[in-house]
Amino acid sequence: MMRRHRNENPLSLFSFQDIITSVTGILILLAIMLAIAVVRQKASRPVVDSQLEIESLTTQMQALEAELAQLETVVSETDAQLAQWSGRTLDELRTEQASLLATRSHEESKLKNQIQAVSDAQQRLKSTVAEAQIAKLTKSISEAERQLSEINEKRDQLSSGKRVVYHFRNTASRPWLVEIAKNQIRVGRSGEKAAPKNFKTVGQFVSFVQAQPEDDRYFVLVLKPSGIDHHDRIREELESLDVEIGTELIGEDQTALDSQSGAVFQ
């Protein structure tokens, strides 16, 4: 058998070592980059978070200091109270307690009396107000009764007397009452308190009518039996002037115009 020659190429691991070295270097590089990124991330935290954390801690510290001061005050007050009571016996403390309870009971009694006094005052006030309202109502009733009595009295006077009273509706122009008798024509304005105007002839009365504004020419002829002739002539003259006319009949002994107040009843 032939032997192999010793000059043949031996097995080499150099390439595998290169690959291992390269991979290790890459891993080391990645670890360094990751460490740098972590350091940069921690270094880039906003300053605001730190300030907020500081402010929060400061607020908590102030609250704790205030609570500590309050506790110190309570301790001081407790010490003072204990110092005040330290020299007293149990009987003395019980006596003071009884005195305080008696004072409390007395003050509660005074408060109840005051509440009752206020309630009584309110009742008296309500009673006074009610009495005043009743008195006012009574006065109003008395006044209404007085006015009704006057109205009834006037009504009785009208029904028993010879005065004729006319009540006209409220219109733009108030009528003139023209009382026509045999030898006299008297004129008075409805609702106007004044002595009536006297005319002897129809011509004088027509002149008076013509002197009035056109929108104020509204005449109610109050005719007595003796004035029928004057009435016909007056009506003709007023119709020729296109005057609004009304006619009422009364007895010879009646009158529609008072010698002092005219067409107003008093």
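1. A place to start is the pairing of strand β2 with its neighbour, where R186 of β2 is the bridge partner of E179. The two strands concerned, β1 (residues 176-180) and β2, pair in the antiparallel sense over five bridges, two strands being counted as paired if DSSP finds at least two bridges between them. Helices (H or I, at least four residues) and strands (E, at least two) are DSSP runs, numbered from the N terminus.

2. Before going further, please keep in mind that this is a predicted model, in which local features need pLDDT of at least 70 and side-chain atom pairs count only at pLDDT 80 or more, while totals for chains, interfaces and linings use all residues. Residues are numbered from 1 along each chain as its sequence is written, and side-chain values use heavy atoms, with hydrogens and water left out.

3. β1 and β2 form a hairpin, with four residues between them. On from there, β2 is joined to strand β3 (residues 197-199) by three bridges, and these two strands also run antiparallel. R186 takes part in this pairing as well, its bridge partner in β3 being N198.

4. How many of the five residues of strand β2 (residues 185-189) are buried? Five of the five are buried, where buried means under 20% relative accessible area, exposed over 50% and partly exposed in between (1.4 Å probe, protein chains only). In a regular strand the side chains alternate between the two faces of the sheet. In β2 both faces are covered, with I185, V187 and R189 buried on one side and R186 and G188 buried on the other.

5. The aromatic pairs come to five, with rings of Phe, Tyr and Trp (its six-membered ring) pairing if their centres lie within 6.5 Å, and planes under 30 degrees apart counting as stacked, over 60 as edge-to-face and the rest as tilted. W176 and F219 are stacked, because their ring centres are 6.4 Å apart and their planes at 20°. This pair links distant parts of the chain, since W176 is in strand β1 and F219 in strand β4 (residues 218-223), 43 residues apart. W176 counts as buried at 6% relative accessibility, and F219 counts as buried at 0%.

6. The rings of F199 and F205 have their centres 6.1 Å apart and their planes at 65°, so this pair is edge-to-face. Both F199 and F205 are buried. Ring pairs link W176, F199, F205, F208 and F219 into a cluster.

7. A backbone point to check is D242, whose phi is near 60°, a positive value in a residue other than glycine. Most residues other than glycine have a negative phi. D242 lies in the loop between α5 and β5 (244-249), and D242 is exposed, with a relative accessible area of 71%.

8. Elsewhere in the chain, L29 is found in helix α1 (residues 14-43), and L29 counts as partly exposed at 48% relative accessibility.
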